[in-house]
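Dear colleague,

I am passing on the structure that we spoke about, and my notes on it follow below. Please read them with the model open beside you.

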Amino acid sequence: MTQDDRPVVQALEDRRSCAGFRPSSVGLDEICSIAEVAGLAPSELDLQPWRVHVAQGSALDRVCSALLESNVAKARAAGTALVLSGDTATVDDSPVAARFYENRSRRDFVLRNVSMYLMAFMLVAESRGLATRPMAGFDEEALSAVCGFAPTQFPVAVLLIGASDGRQPGQRGRRLDPAVMVVRLGDGAHR
Ligand SMILES: Cc1cc2nc3c(=O)[nH]c(=O)nc-3n(C[C@H](O)[C@H](O)[C@H](O)COP(=O)(O)O)c2cc1C
């Protein structure tokens, strides 16, 4: 770790999925500012297929109707749910990408790239003192209808964002040993 990468490592160490939100309302300016920095995330052919849909108030109620029951109370407590979407039609913005994805999954393209953005977004939010929780527990069809998505667009994740009520998350799960995670091709695990 060098002097320069310390803040990123710190944000990675500090970020946890918020165990409890207290009522707050994150301003649209703040969300835009985080979205802009997170937009430095890498993407295939720099196509940046991500969009952030902000749900508060009655829009949050509608988003909640598409969440798994176990996620609804968390979303209501947070007060703000962001729906991160991607559009498979983005591939057509580049002739090179359109050719490459002719016989490949455009859905994979969206999932890979929007996930990069999601992680960046959470780290920037963390560094600004905001608590987050990413969620995949939603009905994709229902959430797409709530957000008015085009047929080529779909939600990749819901991100709750707000203020922590101070409740501590449980112990982190076991982290994988690098000897398991890192596999040198040719001779299996490197240990
Ligand atoms: C792709 C993804 C989907 C997730 N879906 C949910 C969810 O639907 N509901 C929820 O409460 N947490 C969800 N989580 C949060 C995980 O439970 C959490 O990240 C994991 O337990 C590790 O804890 P940590 O984020 O505090 O390190 C999700 C996380 C990821 C990355």
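How many bridges join β2 to β3, and do these strands run parallel or antiparallel? The model is a predicted one, and in it β2 and β3 run antiparallel and are joined by 6 bridges. Within this pairing, W50 stands opposite G86 in β3. On β3 there is also a pairing with β5, again antiparallel, through 7 bridges, and here V83 is the residue that stands opposite V158 in β5.

Because 7 of the 7 residues of β3 are buried, the strand is largely enclosed by the rest of the structure. In a regular strand, side chains alternate between the two faces of the sheet. In β3, A81, V83, S85 and D87 point one way, while L82, L84 and G86 point the other way, and all of them are buried.

Next, the nonpolar core. The largest one has 39 residues, and those with the most contacts inside it are V63, A81, L84, L118, F121, L159 and L160. At least two residues of this core come from each of α2 (28–38), β2 (50–55), α3 (58–64), α4 (69–78), β3 (81–87), α6 (106–127), α7 (140–147) and β5 (153–164), with α6 supplying the largest share, 10 residues. As a general background, nonpolar side chains in soluble globular proteins tend to be buried together. If neighbours within four places in sequence are left aside, L118 is in contact with L84, P134, V156, A157 and L159.

Turning to the ligand, the residues around it are R16, S17, N71, K74, R133, P134, M135, A136, G137, P169 and R172. This shell divides into 4 nonpolar, 3 polar and 4 charged residues. Both α4 and β4 (131–135) supply at least two residues of the shell, and β4 gives the most, with 3 residues.

Finally, two residues in the loop between α2 and β2 may interest you for their backbone angles. Most residues other than glycine have a negative phi. L45, which is found in that loop, has a phi near 55 degrees, a positive value in a residue other than glycine. Q48, whose place is also in the loop between α2 and β2, has a positive phi of about 45 degrees although it is not a glycine. With 14 other C-beta atoms within 10 Å, L45 is partly exposed, and Q48, with 18 other C-beta atoms within 10 Å, is partly exposed as well.

With best regards

Note on methods: Residues are numbered from 1 along each chain as its sequence is written. This is a predicted model: local features need pLDDT of at least 70, side-chain atom pairs count only at pLDDT 80 or more; totals for chains, interfaces and linings use all residues. A nonpolar core is a set of buried Ala, Val, Leu, Ile, Met, Phe, Trp, Tyr and Cys residues joined through C-beta atoms within 7 Å. A residue is buried if 20 or more other C-beta atoms lie within 10 Å of its own, exposed if 12 or fewer, and partly exposed in between; C-beta atoms are placed from the backbone. Helices (H or I, at least four residues) and strands (E, at least two) are DSSP runs, numbered from the N terminus. Two residues are in contact if their C-beta atoms, placed from the backbone, lie within 7 Å. A residue is near a molecule or strand if its C-beta atom, placed from the backbone, lies within 6 Å of it. Ala, Val, Leu, Ile, Met, Phe, Trp, Tyr, Cys and Pro count as nonpolar, Asp, Glu, Lys and Arg as charged, and the others, Gly among them, as polar. Two strands pair if DSSP finds at least two bridges between them.
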